[in-house]
Amino acid sequence: MPPQNNKQHGRKQSPKNSRPPARWSFMTMLGFAFLALLVVTSAYSYFVSGPTNVAKISLTELASDVASGTVASIDQNNSDLSAQYKNGEVKTTEAEPNSSLTDSLVHYGVTPAELATVKITVESPSGFWFWFEQFSPFLGSILFLILLVWFFTRQMRGAGVQALSFGQSKARVTMPDDTKQKVTFKDVAGAKEAKQELAEIVDFLRNPKKFLDIGAAIPKGILLMGPAGTGKTLLARAVAGEAGVAFFSVSGSEFVEMFVGVGASRVRDLFKMAKQTAPAIIFVDEIDAVGRVRGTGVGGGNDEREQTLNQILVEMDGFEPTEKVIVMAATNRPDVLDPALLRPGRFDRRVTIDLPDRADREEILKIHAKKKPFAEDVDLTVIAERTPGFSGADLYSLMNEGAILAARENRNKVAQFDLIRSIEKVMLGPERKSHILSKKEKEITAYHEAGHALISSVLPHADPVHKISIISRGRAAGYTLHLPLEDRRLQSKKQFLDDIAVSLGGYVVEKMMFGDVTTGPSNDLQVSTALARDMVTKYGMSDKFGAQAFEGNEGGRAMFGRGLDEHGEYSQKVSAEIDAEVSRIMAEAFAKAEEIVTTHRAALEAIAKRLVEVETIERDEYEKIIVAHGIQPKRKLEI
Ligand code: ADP
Ligand code: MG
Ligand code: ZN
């Protein structure tokens, strides 16, 4: 199984961008509004109805009482009349609207002489309570409305800010005086060529006059290319850190929104901001999200993406030669980029960052080892040797996993053993000890892995075996860890052929030992068939076609506007011949694998039996088993 280098790290976001605290929820607001309504209505009923033990009478009754002389005084408060009787009773009634109390009483037959015996006071309604009483019937609803409007404006304001900032750039800015987030070239291990190339840019940003005086045109765009996790983002930050300029960082995918034109407006905004803060670096991470080849129709075409890309190009073209803004971009898919991005005056400087080699890996490990306490036995050279194909990001998480393991086992120092275990964890995912195989499954898996290992040890161009295990990890039921003796830049046809035979080892053994095939080898088959096809169509490694390539990379094909399933570069007949050639390679590899497991069947059974017993065999023990069966372990790689 090949090492997987697709670990990615979340971008660290500067604390400046933290969101405002959460607003009151709708339910809380509704609760408050309801409570207010309750208070107001109960207050209203209290004030309006007054004390309830008072008898209510009609105005005519009051008039006749006044006429009979039993009433001592009448108190008028607005329309409310409260009559004090001579016997101490208090009765209330309502005055007629639009006529004075005396008029009403006279109207009901009270003579002025009788009226004179009654003391009438009209309380001028006190300002507040008067108005309160006037409005209290509506007050509840008004208050409720106000609350509702307030609540919605708050919401709207939130949304409004979003709608307004829609077209604004979402760039994260790191200012040069921000020492906490400062990264320099010292924090980036290895990548010597890249650093040299970028040192020139740093020089310009520090010292633009020197360049401008001599009439040198300053590069506008630098494209960092390399596999995921090789430190592209880190390097871009380091350039800003070294030069001491502002760093505007945005990810390509952040430009792409639902609405056409938003991305373009964000780009405009971003460039405007950067020009105001110049000297500055604009960093567009994962630029392939917006910078894919335009107009291929692959994925249905995307107007928004194209407009955004056009705007980036327009902005870069519009740079004055004296502008001290440099655009950096990163991608791990340079092959899919639109050629317009790579034209002179745009991203014409290209910096490639490769996976680190052994020495660089050691340097990267040292950087990430800094704040960790290590036991004496830790030897980072050995770790670097055992991690070919690891990216900087993988090495970072390896160190981290090591520390976690040590902490989990309550040790205060990280030991070599922790780091070794972390290699496999990063490479293959965590062990799934809970995933118990049945007795039969265990046996099949053991034979399957023993098959891979045995063929790998017998074939001269395959990688040596470091470890075999039938403890499932990630998606694999078991695994055989092969590691090359040294880093490889080039692979030969012989290596490929042996690799295919090794991949088929599991399948061959399952068939031979159990007369049946499980789903276990499915991934092995996919990988090896794809490899065989590449040998024929890309690398000119088949005898039949010799030195011909039938397929470029995807980008190359898409650039000519062809659909994905059309092979415009060769005929139907050739297509059938390619298929036949792939089948032949697979069949030969199968025969080779079969022959090896048949000849060394005793060794195969010994390995598998031991695996069932102990589940994991390390390199030393494994080599003892095969030596006992007359197979020499590999010490040097034949190329
Ligand atoms: P990329 O952008 O190429 O995918 P990053 O720059 O995001 O990779 O790298 C992720 C992390 O991996 C970095 O934050 C750093 O911790 C580590 N890393 C990668 N390359 C290096 C390196 N050359 N030196 C030190 N650390 C590295
Ligand atoms: Mg990155
Ligand atoms: Zn397998």
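**Sheet and zinc site**

Modeller: Let's begin with one pair of residues: Leu224 has Val351 in S11 as its bridge partner. Keep in mind that this is a predicted model.

Biologist: Thanks! In which sense do strand S7 and S11 pair, and over how many bridges?
Modeller: Strand S7, residues 221-225, runs parallel to S11, and the pairing covers 4 bridges.

Biologist: And what is the strand order in the open sheet?
Modeller: The order is S6-S8-S9-S10-S7-S11, 6 strands with mixed pairing. At the edges are strand S6 (172-174) and strand S11 (349-352), each of which pairs on one side only. From one strand to the next, the twist averages 20°.

Biologist: Nice. Which strands does helix H6 touch?
Modeller: Helix H6 (residues 192-206) packs on the sheet and touches S7, strand S9 (280-285), strand S10 (325-331) and S11. The direction of H6 makes about 140° with that of S11.

Biologist: Switching topic: which protein donors does the zinc ion (ligand 3) have?
Modeller: They are His448 through NE2, His452 through NE2 and Asp524 through OD, at 2.0 to 2.1 Å from the zinc ion. Along the sequence, the spacing of these donor residues is H-x3-H-x71-D. His448 sits in helix H16 (residues 439-458) and Asp524 in helix H18 (residues 522-537), so the pair, 76 residues apart, links distant parts of the chain.

Biologist: Is His448 buried or exposed?
Modeller: His448 counts as buried because its relative accessibility is 6%. Asp524 is buried too, with a relative accessible area of 16%.

Technical notes
Residues numbered from 1 in each chain as written. Chains lettered and ligands numbered in written order. Predicted model: local features only at pLDDT ≥ 70, side-chain atom pairs only at ≥ 80, totals over all residues. Heavy atoms only, no water. Donors = N, O, S within 2.8 Å, 3.2 Å for Na, K, Ca; no water. Helix = DSSP H or I, 4+ residues; strand = E, 2+ residues; numbered from the N terminus. Buried < 20%, exposed > 50% of the residue type's maximum accessible area, 1.4 Å probe, protein only. Pairing = 2+ DSSP bridges. Axes fitted to C-alpha atoms, helices over the stretch in contact; angles between N-to-C directions. Contact = heavy atoms within 4.5 Å.
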